[in-house]
Amino acid sequence: MSIRPLEGDFTILPRPARLSAVRLSDDTDPGLGERIMAMHLKKVATYPEWGRLLDAIPDVRVSTGA
């Protein structure tokens with residue numbers, strides 16, 4: 001499953017001064033973080049313009065695999 005960027009992403013993502021990942025889950029599955037990162041990297045690969053917007057945010061702490 002690939003999650004498409006939202007229309008507002010292209011308006012909002014150029015504006016943040018900082019972006020950091022937040023882990024909020026009560027799921028005890030040890031592989032959850034890896035699966036979420038795999039989904040993120042697939043989205044970046046599928047929508048490279050969206051990934052470039054993330055990369056342009058200063059102090060970004062969410063990997064785009066680039």
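Reader: What does the accessible surface of the chain come to?
Author: About 5,300 Å². Carbon and sulfur atoms hold 57% of that surface. Keep in mind that this is a predicted model.

Reader: And how many of the residues are buried, as a percentage?
Author: Buried residues make up 21% of the chain, which has 66 residues.

Reader: Secondary structure. How many helices and strands?
Author: There are 3 helices and 0 strands. Read from the N terminus, the order is α-α-α.

Reader: What share of the contacts with a separation of 6 or more comes from residues 24 or more positions apart?
Author: Those pairs account for 72%.

Reader: Got a specific pair with its distance in sequence and in space? Say, Thr46 and Arg4.
Author: Thr46 and Arg4 sit 42 residues apart in sequence. Their C-alpha atoms are 8.7 Å apart.

Reader: Where does Thr46 lie, and is it buried, exposed or in between?
Author: Thr46 belongs to helix H2. Its relative accessible area is 40%, so Thr46 counts as partly exposed. The range for that class runs between 20% and 50%.

Reader: Helix packing now. At what angle do the axes of H2 and H3 cross?
Author: Roughly 110 degrees. H2 covers residues 32–46, H3 covers residues 48–55, and their axes come within 5 Å.

Reader: Which residues make the contact?
Author: From H2, they are His40, Lys43, Val44, Ala45 and Thr46. From H3, they are Pro48, Trp50, Gly51 and Leu54.

Reader: How do they divide into nonpolar, polar and charged?
Author: The contact of H2 with H3 has 5 nonpolar residues, 3 polar and 1 charged.

Reader: Which residues of H3 are buried?
Author: Trp50, Gly51, Leu53 and Leu54. They span an arc of only 155 degrees around the axis, so they lie on the same side of H3.

Reader: What covers them?
Author: The cover includes helix H1, residues 9–12, and also H2.

Reader: Back to Gly51. Why does it count as buried?
Author: Gly51 has a relative accessibility of 3%, so it counts as buried. The cut-off is under 20%.

Reader: How are Gly51 and His40 separated?
Author: They are 11 residues apart along the chain, with 9.5 Å between their C-alpha atoms. Both residues are in the contact of H2 with H3, His40 from H2 and Gly51 from H3.

Key
Residues are numbered from 1 along each chain as its sequence is written. This is a predicted model: local features need pLDDT of at least 70, side-chain atom pairs count only at pLDDT 80 or more; totals for chains, interfaces and linings use all residues. Side-chain values use heavy atoms; hydrogens and water are left out. Axes are lines fitted to C-alpha atoms, for helices over the stretch in contact, and angles run from 0 to 180 degrees between N-to-C directions. Helices (H or I, at least four residues) and strands (E, at least two) are DSSP runs, numbered from the N terminus. Contact means heavy atoms within 4.5 Å. Ala, Val, Leu, Ile, Met, Phe, Trp, Tyr, Cys and Pro count as nonpolar, Asp, Glu, Lys and Arg as charged, and the others, Gly among them, as polar. Buried means under 20% relative accessible area, exposed over 50%, partly exposed in between (1.4 Å probe, protein chains only). Accessible areas come from the Shrake-Rupley method with a 1.4 Å probe; for residues, only the protein chains shown count as cover. The arc is that of the directions from the helix axis to the C-beta atoms.
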